[in-house]
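Dear colleague,

Please find the structure below for your records. My notes on a pocket and a sheet follow it.

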Amino acid sequence: MSSPASSPRELTVGMGAGGLATSDMVLNIGPQHPATHGVLRLRITLDGERITKCEPIVGYMHRGAEKLFEVRDYRQILVLANRHDWLSAFSSEIGVALAVEKMLGMEVPERATWTRTLLSELNRVLNHLMFLGSYPLELGAITPMFYVFREREELQGVMEEIAGGRLHYMFNRVGGLRDDIPAGWLDRAAAAVSLVRSRMPEIESFIVGNPILNARTKGVGVVSREMVEQYGITGPIARASGVDVDLRRDDPYLAYGELFAPGGPGRVITRSQGDSLARLEVLLDQTHVSLDLADVCIEVLRSLPPGPVNVKLPKVLKVPEGDGYVATENPLGFNGYYIVSRGEKTPWRLKLRSASFNNMACLGEVMRGQLLADMVAILGSMFFVVGDIDK
């Protein structure tokens with residue numbers, strides 16, 4: 001016997017063709033393994049093959065990153081900062097280090113600044129290559145994945161040599177970097193960048209102009225400029241909808257003020273269509289820009305005299321009382337850290353503004369009215385990491 005408090009199940013019933021009773025189908029997509037778009041769950045309501053409602057359900061990977069930050073000192077939190085978006089690990093470390101250095105009023109050696117910029121751009125290429133391979137895979141093309149992993153291995157080799165890690169680099173420190181550049185590393189980094197650039201046309205040949213990919217992505221999953229502003233979408237998704245915003249140019253940090261100055265190699269890639277194809281094209285073009293920026297950073301580092309790459313810190317690092325916010329242009333969009341300090345060795349409060357959370361928040365609106373067959377094409381083009389959503 002059911003309890004009096006329980007409510008009866010509701011079923012929406014209508015009269016279809018020929019007087020047959022019909023009802024909307026509710027379909028759960030996910031959660032699956034985190035290596036897929038996993039642990040994100042979409043609760044989709046279908047009318048035939050048309051999506052009438054899409055409800056993203058998040059939190060399956062929630063690890064309480066912000067609270068974990070608050071019980072560790074400013075050196076220790078770097079190890080957590082590179083784990084919420086594991087495809088942008090170095091860039092996320094940078095954000096924390098810059099926020100703490102800003103509150104300390106600390107000047108970082110020039111050599112460290114240019115090395116940080118170089119590694120950030122190599123990390124951006126690694127991130128974009130992953131999505132350039134995984135997105136066609138979701139549409140049924142397996143070949144691009146093999147090619148992008150070949151290029152990723154070239155860059156992973158130089159990242160691993162300098163940092164010791166392949167995914168979580170832990171190379172940043174408050175005040176600079178852990179170590180100086182190894183002997184001969186700049187030559188190997190330049191060779192890797194050159195090799196990846198020479199092979200990019202092979203990857204593009206599988207994607208650009210492919211009639212199947214065009215049919216699956218052109219005009220599909222349009223994100224309007226108004227939607228970008230309403231949901232706080234940033235990064236490649238926003239720029240694919242015509243929103244010309246990039247913190248590297250608009251609010252420079254590291255060496256980006258010089259790189260994005262007039263006549264510099266930095267440029268912001270935009271499209272106006274806002275569909276799945278435009279988002280992929282932005283990612284492709286941004287990869288070329290990052291390779292160009294990496295080349296310039298390497299040449300600047302060659303010209304700099306030997307010198308320190310970090311600032312000597314006290315045994316116990318305490319940040320003055322106050323608050324500070326620093327946002328960086330991570331590969332997937334704005335990544336911001338808001339720190340509140342009470343003058344202790346741990347932050348009193350730390351709030352993370354992750355790119356992926358805002359980027360996927362619009363899924364309910366984007367999916368409405370689309371065909372179920374286009375769901376994966378739209379989802380894959382939103383370029384998010386689930387750990388970055390759930391934090």
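Helix H3 (89-104), helix H4 (110-138) and strand E8 (322-330) each contribute at least two residues to the lining of the second largest pocket; helices (H or I, at least four residues) and strands (E, at least two) are DSSP runs, numbered from the N terminus. The model is predicted, so local features need pLDDT of at least 70 and side-chain atom pairs count only at pLDDT 80 or more, while totals for chains, interfaces and linings use all residues. Residues are numbered from 1 along each chain as its sequence is written, and side-chain values use heavy atoms, with hydrogens and water left out.

The lining of this pocket comprises 16 residues, and Leu98, Lys102, Tyr253, Leu254 and Val326 lie nearest its centre. (A pocket is an open set of points on a 1 Å grid over the protein atoms alone, where a 1.4 Å probe fits, with protein on both sides within 12 Å along at least five of seven lines; lining residues have an atom within 4 Å of a point.)

Strand E8 also belongs to an open sheet of 3 strands, ordered E8-E9-E10 with antiparallel pairing; two strands pair if DSSP finds at least two bridges between them. E8 and strand E10 (349-353) are the edge strands, each with a single partner, so one side of each has no neighbour in the sheet. Strand E9 (residues 333-341) and E10 are joined in the antiparallel sense over 5 bridges. Within E10, Arg349 is the bridge partner of Val340.

Yours sincerely
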